Amino acid sequence: DIQQQFTNGLPEGMVYHSLQHTRLVVHAVQEIGSAEALNKHELTLAVIAAWVHDVGYIFNPNDHENTSALFSTSFLREQGVNAKDIPRVKDAIVATRLPQKPKDKLSKVLCDADMYHLSSENYPQLAHLLYQELKQFRKMKLSEDDFDLLSVDFFLSHAYFTTYGINVLTAKKEKNLALLKQRIESKQVNH
């Protein structure tokens with residue numbers, strides 16, 4: 001099962017793109033998908049896409065979206081998912097590649113769910129995990145200050161796609177951006 005794959009198969013240092021992140025994305029898909037009035041079938045497909053969207057990190061971290069999409073094909077066939085629904089799930093997964101380019105409602109919901117952390121009350125903790133992953137797994141030589149500056153740039157370049165994302169998540173994201181900028185400014189004052 002997918003949870004087992006994440007628990008046993010993630011490369012060392014992969015501390016952000018983990019089972020915890022996947023669960024957050026699944027929860028976010030349910031929240032956003034319901035607000036966007038996805039029907040029961042679409043919501044099920046979106047939840048399935050959320051569960052498998054990052055499984056590619058286990059097999060091929062450098063091209064995880066395509067690997068996740070390929071994995072989803074065989075996984076969904078095994079689960080008896082209708083063949084005409086499989087491309088919709090694959091398209092949603094591939095749309096999460098940065099910069100995100102969702103083409104339909106299902107993809108927009110998954111893309112917004114994948115960036116839900118930007119609007120989360122737990123953003124500082126989640127950002128710290130991402131920073132640790134970049135240092136440990138990606139071997140990036142990056143100070144925390146540099147990471148914060150890159151994060152501000154990312155916040156400013158990012159936009160949600162769904163109506164819920166635009167009307168609800170953006171305001172929460174703006175609060176996190178303000179806190180991030182405040183942290184940067186306080187560090188500069190103290191240096």
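Visitor: What do the buried residues of α5 pack against?

Guide: They pack against α1, α3 (40–52), α4 (56–59) and α6 (86–95). Contact here means heavy atoms within 4.5 Å. This is a predicted model: local features need pLDDT of at least 70, side-chain atom pairs count only at pLDDT 80 or more, and totals for chains, interfaces and linings use all residues. Residues are numbered from 1 along each chain as its sequence is written, and side-chain values use heavy atoms, leaving out hydrogens and water.

Visitor: Which residues of α5 are called buried, and why?

Guide: Among them are His64, Phe71, Phe75 and Leu76. Buried means under 20% relative accessible area, exposed means over 50%, and partly exposed lies in between (1.4 Å probe, protein chains only). Across the chain, 49% of the 191 residues count as buried.

Visitor: What makes α5 a helix, and how many residues has it?

Guide: Helices are DSSP runs of H or I with at least four residues, while strands are E runs of at least two; both are numbered from the N terminus. Helix α5 (residues 64–78) has 15 residues, so it passes the cut-off of at least four. Its C-alpha atoms, first to last, span 21 Å, close to the 21 Å expected at 1.5 Å a residue. That expected span is 1.5 Å times one less than the number of residues. Just after α5 comes Gly80, with a positive phi of about 80°.

Visitor: How many helices and strands has the chain?

Guide: The chain has 10 helices and zero strands. Its pattern along the sequence is α-α-α-α-α-α-α-α-α-α.

Visitor: Why is Pro11 called partly exposed?

Guide: Its relative accessibility is 22%, so it counts as partly exposed. Pro11 sits in the loop between α1 (2–9) and α2 (19–35).

Visitor: Which residues does Pro11 touch?

Guide: Pro11 touches Tyr57, Ile58, Pro61 and Phe137, leaving aside residues up to four places away in sequence. Pro61 is 50 residues from Pro11 along the chain, yet their C-alpha atoms are separated by 8.6 Å.

Visitor: How do you know that the chain agrees with a compact globule?

Guide: For 191 residues, such a globule would have a radius of gyration near 16 Å; the chain has 17 Å, so the two agree. The radius is taken over C-alpha atoms, and the rule is 2.2 Å times the number of residues to the power 0.38. The C-alpha atoms fill a box of roughly 60 × 35 × 25 Å along the principal axes. Of the contacts with a separation of 6 or more, 65% come from residues 24 or more positions apart.
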